[in-house]
Amino acid sequence: MPRLEIDISAKTYRRPDGTAVEAVRGLRVVLAPGEFVCLIGPSGCGKTTTLRILLGLDRAYEGRVVPDPATLRIGMVFQEPRLLPWRSVEENIRLCMPRQHRARPLDELFAAFGLAEWRGRYPGELSLGLARRVSLVRAIVNGPDLLVLDEPFVSLDDRAAAELRQAVMAAVARHRMTVVMVTHNLREAIELADRLVFLAPRPTRVIEEVALAAARPERGPAWIEAQRAMLAARGATA
Ligand SMILES: Nc1ncnc2c1ncn2[C@@H]1O[C@H](COP(=O)(O)OP(=O)(O)OP(=O)(O)O)[C@@H](O)[C@H]1O
């Protein structure tokens, strides 16, 4: 994975009545290879718009993403796990693998993510936390260059969110990839990210960047709370 540059000088939507909605203006984020960056911003500021541009789903903007998203292998975890309901957990994962690799053993992968006992089950039998974990494994099974997580912990209870954070850490430890996560939750961002990028209200841009140097396993609750309090005192908000 090379260095990733997201440079959006302007993104404007047109409402059906012709009026303009300026979603992004002058947003620039540069990610080092293997870096984990969290985008934190208020509701409606333009986070989804930025992710859609990063994923190559929206090309109607001024600016550029380098390298072109079309040339990258990207794994994506949406809030909605988007699993095929008529396929088992294992089939959901194998179906997104290249045909020539589909038969490869996945026992170790399922075990590493606590999914061994769930591989034969169907999405309708899974809790939201488990379904997102399956969606995470599906996103990384082919070794992406870039992993994009859109509010992955929203609507989970504390335990399910903690288990999913462990799974994200396991994914990052197992496979070196650049990660972009969008979140409203400052604590979760502090627990996981190498760098926090705070976004302004719409039209969004970067207002502050904070590097977090501590190794992830050393980020206990007291450390996370101290960082959060320090950022809150400086006026950085989620
Ligand atoms: N297709 C569209 N047409 C017009 N306006 C749009 C369109 N899509 C998004 N917007 C507006 O652009 C702004 C940014 O939207 P976006 O979904 O990117 O924000 P967000 O930060 O992801 O929001 P949230 O935190 O609620 O998920 C919002 O004001 C939204 O109403």
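The shell around the ligand is made up of four nonpolar, six polar and three charged residues. Here Ala, Val, Leu, Ile, Met, Phe, Trp, Tyr, Cys and Pro count as nonpolar, Asp, Glu, Lys and Arg as charged, and the others, Gly among them, as polar. This is a predicted model, in which local features need pLDDT of at least 70, side-chain atom pairs count only at pLDDT 80 or more, and totals for chains, interfaces and linings use all residues. Residues are numbered from 1 along each chain as its sequence is written.

**Around the ligand**
- The ligand is surrounded by 13 residues, and Y13, A23, K47, T48 and T49 are the closest (a residue is near a molecule if its C-beta atom, placed from the backbone, lies within 6 Å of it).
- Two or more residues of the shell come from each of β2 (20-31) and α1 (47-54) (helices, H or I, at least four residues, and strands, E, at least two, are DSSP runs numbered from the N terminus).
- With three residues, α1 gives the most to this shell.

**The sheet**
- Three strands form an open sheet in the order β2-β1-β4, with antiparallel pairing (two strands pair if DSSP finds at least two bridges between them).
- β2 and β4 (62-66) each have a single partner strand and stand at the edges, so one side of each is left without a neighbour in the sheet.
- Strand β1 (residues 4-14) and β4 run antiparallel and are joined by five bridges.
- A10 has E62 in β4 as its bridge partner.
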